[in-house]
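Please read it with the structure open beside you, and turn to each place as it is mentioned.

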Amino acid sequence: MASSWFPQWRKKSAVSDGGLIAPDETLPFGQTAILGLQHAVAMFGATVLMPLLMGLDPNLAILVSGIGTLLFFVITGGRVPSYLGSSAAFVGVVIAVTGFNGQGLNPHLSVALGGVIACGALYMLIGLLVMKVGTRWIERLMPPVVTGAVVMAIGLNLAPIAVHSVAASGFDSWMAVMTVLAIGLVAVFTSGMVQRLLILVGLIVAWAIYALLTNVLGFGKPVDFSGVAQAAWFGMPQTTAPSFDLQAMVMIAPVAIILVAENLGHLKAVAGMTGRNLDPWMGRAFVGDGLATMISGSIGGSGVTTYAENIGVMAVTKVYSTLAFVAAAVIALILGFSPKFGALIHAIPAPVIGGASIVVFGLIAVAGARIWVQNHVDFSQNNNLIMVATTLVLGAGDFSLKIGGFTLGGIGTATFGAILLNAILRRRGAALAERPARQQG
């Protein structure tokens, strides 16, 4: 561990051929600001979409993402390059707890906020434990086969929500299909930064098509821009005070396990790209993310997590300077204080949001499979096969268990089921594997 809290950033004029800008290095102010803008844009799509799916104020979500990123920067001593944005892992449990129908602001958000705070507290405690004893226990408790299964179960659990949100009329269903197609075309037929912003760009294209079909040709409900015209350029976002319900807290708190897995994976990825060992800062990273989630939940925002989109930007630019994320956070703070920006987001038609959610929820499910592929999970082993099969059905079927006075929803049963089944079946599988070895000896 370094003796000083923050590093002494060494200034470089440009990225040399084949080289990179390390976390404790920096480019000139102008280039750093431009890179910060790029990181802000990279996180923008998901950090705006996730709050809309949960009925949160997108202005507030952008604002707390900036606050959380600055807090993360301070707690990690400016040594871990990451941006904290709205986490997709909260979507299913927030909707389940509040019964949100997908339109406008969530009227029962306060109940979910108490659970978000509980999740952040649990996440922070895990971080403090990691600072004390290290990370090996996490890797044993949540190996890739478990994290992949839980992530995929979350995506499958959300699938009915996405489909039902666009089933109001035939026109809405076809616009959802159009949105999926637009996002797919952007993903396949573009490159560079446009391709990295495939959700955002595809959503804008679908929005334009929707406006043409409704406002010009008269099909469906027209896009209403009156709120954008009336909104002020600058102002405070809408905040919501949390309430603490035990059942909601028990349902949402286990999401901390997913956040740990995400953060762990992202830190390992950045360490591999930079050649720096980030394990000494892992506990601080968990604490920073957990504390940022608690602050976000206390004023009406979603839980936050490190973003793979920003890791992709770093991989392309080869700039890993943590000061670029300070610039990105400042840009997010400025956007968060613009009601006109929030009104523009709320003008996005529901079928377009529904189509984008189909893609996003599907990508969450596929991310679980990607974890298995990248870590060479062996499904010829029965313990892996049974654990994954059970976890996916528990999550996709939204299997609930009543425990005393509260109910553990599908994502909770899938998460705890995966961890417990893996612990039980892996131990039995290891014992069976050792028996032939002893007999041969």
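1. The accessible surface of the protein chain comes to about 19,300 Å², and 67% of that surface belongs to carbon and sulfur atoms. Please keep in mind while reading that this is a predicted model, so every value in this note is computed from it.

2. As for the overall build, the protein chain has 19 helices and six strands, and buried residues make up 51% of its 441 residues. Among the contacts in the protein chain with a separation of 6 or more, 79% are accounted for by residues 24 or more positions apart.

3. One feature of the surface deserves a look of its own: Met178, Leu181, Leu185, Val188 and Phe189 form a nonpolar patch there, with about 500 Å² of accessible area together. Leu181, one of the residues in this patch, has its place in helix α7, which covers residues 170-189. Because its relative accessibility is 47%, Leu181 counts as partly exposed.

4. How many salt bridges does a search of the whole structure find? The search finds three, and Arg10, Asp24, Glu25 and Arg276 are linked by them in a network.

5. Taking the pairs in turn, Asp24 forms a salt bridge with Arg10, with the closest N and O atoms 3.6 Å apart. Asp24 lies in the loop between β1 (10-11) and β2 (25-26) while Arg10 lies in strand β1, so this pair ties together parts that are 14 residues apart in sequence. The side chain of Arg10 also meets that of Glu25 in a salt bridge, at 3.0 Å from N to O; here strand β1, which holds Arg10, is linked with strand β2, which holds Glu25, and the two residues are 15 apart.

6. The remaining pair is Arg276 and Asp24, whose side chains meet in a salt bridge at 3.2 Å, N to O. This pair links distant parts of the chain, since Arg276 is in the loop between α12 and α13 (282-299) and Asp24 is in the loop between β1 and β2, 252 residues apart.

7. Pro254 is found in the loop between α11 (246-252) and α12 (255-274), and it counts as buried because its relative accessibility is 5%. Leaving aside its neighbours within four places in sequence, Pro254 is in contact with Met249, Thr415 and Phe416. The C-alpha atoms of Pro254 and Ile411 are separated by 8.6 Å, although the two residues are 157 apart along the chain.

8. Thr413 is found in helix α19, residues 410-440, and it counts as buried because its relative accessibility is 7%. The side chain of Thr413 reaches the backbone oxygen of Phe399 at 2.8 Å.

9. Finally, helix α17 (residues 350-374) has 25 residues and reaches 35 Å from its first C-alpha to its last, which is close to the 36 Å expected at 1.5 Å a residue. α17 is followed by His376, whose phi is positive, near 55 degrees.

Terms used. Residues are numbered from 1 along each chain as its sequence is written. This is a predicted model: local features need pLDDT of at least 70, side-chain atom pairs count only at pLDDT 80 or more; totals for chains, interfaces and linings use all residues. Side-chain values use heavy atoms; hydrogens and water are left out. Helices (H or I, at least four residues) and strands (E, at least two) are DSSP runs, numbered from the N terminus. Buried means under 20% relative accessible area, exposed over 50%, partly exposed in between (1.4 Å probe, protein chains only). Contact means heavy atoms within 4.5 Å. Accessible areas come from the Shrake-Rupley method with a 1.4 Å probe; for residues, only the protein chains shown count as cover. Patches are made of residues with over 30% relative accessible area and no salt bridge: like charges are joined within 9 Å, nonpolar side chains (Val, Leu, Ile, Met, Phe, Trp, Tyr) within 5 Å. A salt bridge is a side-chain nitrogen of Lys or Arg within 4 Å of a carboxyl oxygen of Asp or Glu. The expected span of a helix is 1.5 Å times one less than its number of residues. A polar contact is a pair of N or O atoms within 3.5 Å; within protein, one must be able to donate a hydrogen and the other to accept it, and residues adjacent in sequence count only if both atoms are side-chain atoms.
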